[in-house]
Each structure stands twice: as C-alpha cells, then as structure tokens.
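Have a look first, and then we can go through the terms one by one.

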Amino acid sequence: MNEKNEAVVEFLKTRRSTPVLQLAEPGPSRAELEEILTIAARVPDHGKLAPWRFIVYAGTARAEVGEALAEITLADDATASSERLKLERERLTRAPLVVGVISRAAVHPKIPEWEQVMSAGAACYNLVAAANAFGYGATWLSEWYAFDERAFSALGVEAGERVAGFVHIGTRREAPFERVRPELADVVTWRGDL
C-alpha cells in the first residue's frame, strides 16, 4: 500500500511564486544553492542527456548583464528614457540571486528534441520548488532578453543554446497572494473508468 507524504502534499498544494519585486536579501548561501541546484537537476531526462545547464548570476555579475541590456536597448532606441535604461540595468538585480536555466536541446537519433525542451522546463520548476522548500521566495521569468541573441554573450549563453528561463531567488518581503487556479473540469479530460 502506498503511503501518502502529507508534508510534501501540503507543500505542493500551497507552493507559490513570489513576484520579483518582493524578493529581498538574503539569498541562499553557496552551500544552500548547491543543494537547491542538485534538487533542480533531479528531473525526467530521457536518455540521461542533461539537455540543460545552470548559470548562476550573483554579486556584480548581475549588474554587468544589466549594463549590456541597457546598451542593447539604446541601440534599438537612441531616445530610450533614463527610467527605461534603469529598468534594463536592474533586470537581474531585483533579487539577490538569479539562476539561468539554459536549454541544450538538440537533434538526437533517439531522444526527441521536444522531450529535451520539456526537461529544461522541469528543471526550471524544480528549481523554484527547491528554493521554496528552503524557505526562499522564487519566481521563474523569461523576459525579452531570453529571446534576443544579442544578449546571449553577456548572459553566458552559447551558440545553439536557448534560455528556458531565469529563476530569481531571495527572501520574501511579504507572503505571496494566492491566485485563481483552473478548475479541474476545465483542464482534465477523463477517458475510461476510474
């Protein structure tokens, strides 16, 4: 007979992303983050390809990326306001720590590329859940620079890779609010008897 783990069930029922502007210092220590990343890497991975990797943006590296994002913004719009440039400079400094989840999905003779992409998405979710389990707030974002190859060198994304998302991690300034969730009847199709 299967034994239900009530603590895990309750955690999963109440897990919430924290809006990025509600994340503050402190973030996880290196030892905590290594354990969080170890958990994040425990995802379905057909063929054991590890078709993703993590890039940790900490300290001044976050602001350096922000400078590159501001430069791209200016290249696109020489009249960009100081407020807009400030926003771009602060993209990765809104939380104490940001982890990029980078998809390395590629054509493979046996493993569909789509399965590799989904594995990267699972790594993003597992990263958020692990950070939450450690008591931190986290949110998974993919903003414009996740899709603009001009930002890739500043982000450390290599040729052939794609950004699955950026997970911002920190201490919650306030408890996250609950949002409306879909009704099961709207998202579940039953086939067969149960």
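A salt bridge is a side-chain nitrogen of Lys or Arg within 4 Å of a carboxyl oxygen of Asp or Glu. This is a predicted model, where local features need pLDDT of at least 70 and side-chain atom pairs count only at pLDDT 80 or more, while totals for chains, interfaces and linings use all residues. Residues are numbered from 1 along each chain as its sequence is written, and side-chain values use heavy atoms, with hydrogens and water left out.

Q: How many salt bridges does a search of the whole structure find?
A: The search finds 13 salt bridges.

Q: What makes Asp76 and Arg150 a salt bridge?
A: Their closest N and O atoms are 2.7 Å apart, and the limit is 4 Å, so the pair counts. The two partners are 74 residues apart, with Asp76 in helix H3 and Arg150 in the loop between strand E4 and helix H6. Helices (H or I, at least four residues) and strands (E, at least two) are DSSP runs, numbered from the N terminus.

Q: Why is Asp76 called exposed?
A: Buried means under 20% relative accessible area, exposed over 50%, and partly exposed in between (1.4 Å probe, protein chains only). Asp76 has 53% relative accessibility, so it counts as exposed.

Q: Is Glu88 buried or exposed, and how do you know?
A: Glu88 is at 0% relative accessibility, which is under 20%, so Glu88 is buried. Glu88 also forms a salt bridge with Arg91, at 2.9 Å between the closest N and O atoms. Salt bridges that share partners join Arg84, Glu88, Arg91, Arg94 and Glu143 into one network.

Q: Why is Ile102 called buried?
A: The relative accessible area of Ile102, in strand E3, is 0%, under the 20% cut-off, so Ile102 is buried.
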